[in-house]
Amino acid sequence: MNPNAKAALKRVAASLLGMGQTRLELAGVELAQARQNTVRTVLWSVLTALAVAFASLFVCVLVVALAWDTHRFIAIAGCAAFYVVLAVYFYVQLKDTLAAQPPLFEATIAELGRDKNALLEGLSGDNTQGQQ
């Protein structure tokens with residue numbers, strides 16, 4: 001093998017390894033960001049759910065206590081219906097939120113695609129130059 005070709009091959013391999021390392025670092029950063037966002041979202045979601053649960057529970061207890069002598073069953077049914085409607089609303093919101101999230105490693109995949117296209121363009125450019 002020609003020494004110039006061997007040196008060029010080493011440079012190409014070093015460049016590919018460097019690009020791979022950069023892309024892996026980018027993937028690591030994206031993963032860390034996703035983990036932080038997930039932990040933060042779960043924590044605030046749990047705290048909000050607990051606060052809303054206690055507040056709505058005590059409101060329902062108050063409504064049932066006020067209607068106990070006259071319309072206790074209507075008050076209980078109304079509170080149950082409220083929770084069913086709330087659960088359906090939360091389910092729809094959760095489904096929409098999950099559908100709107102970008103794919104994990106979106107930037108990394110885009111960079112790898114650009115790298116692949118640049119490499120293919122470079123290779124096709126080398127073939128046309130070699131044929132002239």
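Beyond its neighbours within four places in sequence, Ser-56 is in contact (heavy atoms within 4.5 Å) with Phe-82 and Tyr-83. The model is predicted; local features need pLDDT of at least 70, side-chain atom pairs count only at pLDDT 80 or more, and totals for chains, interfaces and linings use all residues. Residues are numbered from 1 along each chain as its sequence is written, and side-chain values use heavy atoms, with hydrogens and water left out.

Ser-56 counts as buried because its relative accessibility is 10%. Buried means under 20% relative accessible area, exposed over 50%, and partly exposed in between (1.4 Å probe, protein chains only). The Ser-56 side chain also reaches the backbone oxygen of Val-52, at 2.8 Å. A polar contact is a pair of N or O atoms within 3.5 Å; within protein, one must be able to donate a hydrogen and the other to accept it, and residues adjacent in sequence count only if both atoms are side-chain atoms.

Ser-56 lies in helix H1, residues 3-66. Helices are DSSP runs of H or I with at least four residues, numbered from the N terminus. H1 has 64 residues and spans 93 Å from first C-alpha to last, close to the expected 94 Å. The expected span is 1.5 Å times one less than the number of residues. At the start of H1, a side-chain oxygen of Asn-2 comes within 2.6 Å of the backbone nitrogen of Asn-4.

The buried residues of H1 are Arg-23, Ala-27, Glu-30, Ser-56, Cys-60 and Val-64. Cys-60 is buried at 10% relative accessibility. Cys-79 is buried at 10%. The count of disulfides (cysteine sulfur atoms paired within 2.5 Å) is 0.

Definitions and conventions
Helix = DSSP H or I, 4+ residues; strand = E, 2+ residues; numbered from the N terminus.
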